[in-house]
Amino acid sequence: MDILFQTWPWYVSGFLIGIVMLSLIYFGKSFGMSSNLSTLCSMTGLGKKVSFFNFDWKAQRWNLLVVLGAMLGGFVAVHFMSDASNVDINPKTIAQLTQLGIDAPNGKLLPNTLFANDIFQSPKKILILIFGGVLIGFGTRYASGCTSGHAIYGLSSLQIPSLKAVIGFFIGGLIMAHFILPLIF
Amino acid sequence: MKALKYIVVGFVFGIVLTKSEAVSWYRIYEMFLFQSFHMYGIIMVAVVTGVIGIQIIKRRNIKDIKGLPIEIITKEAGSTRFWVGGIFFGLGWALVGSCPGPIFILLGAGFLPIILVLFGALFGTFLYGLMKNKLPH
């Protein structure tokens, strides 16, 4: 039973993610998480003012159910399947984080520096999280997909646009991790 | 029953992404520093599984759950939107360490500050919708 609580190996996890996508394809759907953000925007009635959100969001309800399930899965995994051995990242990474003043994982999924509840008292951290979200929302809609829609679904169906998008994800990520994060922290 | 199968698939997705730590800010940072194979391994195995599965579906003409032909959605042609949009998303991904799936998963797990990322992401989506016709695609 210990294996369930430890970090799941990449080959098991990757395989299961592939199966999740194939299940949705078998259900006659596709795999993509970021489009739920559009659906949520559309649900608020934004379609009346901005034509991009003027679509039948009810046809996307299935994907919101996937999101609901994912939230429940996250809850169960964090509260009932976690272990102090988790998030055992490279010691070199930890050393670099220490230089930036970001706390080491010690079994946690997220650094307290950015995600502890006391960040609500820091305008800078609030802005970082909102700004990061804006980049994610704007970028995924502009590129019409995220890690699930392009990196997994798009590459699995051998589509060149998705390869361009995934290379773009990595260009952006490398610039942020190597050049911008050290300036922010 | 119709609804339940989507919740179950989502549930498995949420557990796998959490237990593989693909939802972890640390794992994303470590990936972009090229200091671990873990995340690359996850993506590669998921893609290889997907490629094989989709090829089997196509070659054997497998029908979906309702008996209808399975269609793989074709991404529209173009370049600018994928490069530029991709870079924007990559910047955000490495900054807050979560892509759209994990935003919801982490929120479900009870990490309250993620709500700020979600608000930002909804606002970013709204901004794109607003500016769509003025942007090069």
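So, the two domains of chain A: taken over C-alpha atoms, their centres sit 17 Å apart. Bear in mind this is a predicted model. Domain 1 of chain A runs over 1-81, and domain 2 over 116-185.

How many residues of each domain are in contact? Domain 1 of chain A puts in 9 residues, against 10 residues of domain 2 of chain A. On the domain 1 side, helix 2 (10-26) and helix 3 (35-43) of chain A each give at least two residues. And that side of domain 1 comes out at 5 nonpolar, 4 polar and no charged residues.

Okay, on to the two chains. Here the contact involves 108 residues of chain A and 100 residues of chain B. Who supplies the chain A side? At least two residues each come from helix 2, helix 3, helix 4 (61-80), helix 5 (91-100), helix 6 (112-115), helix 7 (123-142), helix 8 and helix 9 (160-184) of chain A. By class, the chain A side has 71 nonpolar, 34 polar and 3 charged residues.

If you want to click along, helix 8 of chain A makes the contact with A:Ala151, A:Ile152, A:Leu155 and A:Ser156, while helix 3 of chain B brings B:Ile43, B:Ala46, B:Val47, B:Gly50, B:Val51 and B:Ile54. Sorted by class, this helix contact holds 8 nonpolar and 2 polar residues, with no charged ones.

Conventions:
Residues are numbered from 1 along each chain as its sequence is written. Chains are lettered from A and ligands numbered from 1 in the order in which they are written. This is a predicted model: local features need pLDDT of at least 70, side-chain atom pairs count only at pLDDT 80 or more; totals for chains, interfaces and linings use all residues. Two residues are in contact if their C-beta atoms, placed from the backbone, lie within 7 Å. Helices (H or I, at least four residues) and strands (E, at least two) are DSSP runs, numbered from the N terminus. Ala, Val, Leu, Ile, Met, Phe, Trp, Tyr, Cys and Pro count as nonpolar, Asp, Glu, Lys and Arg as charged, and the others, Gly among them, as polar. Domain bounds come from an automatic or database domain assignment.
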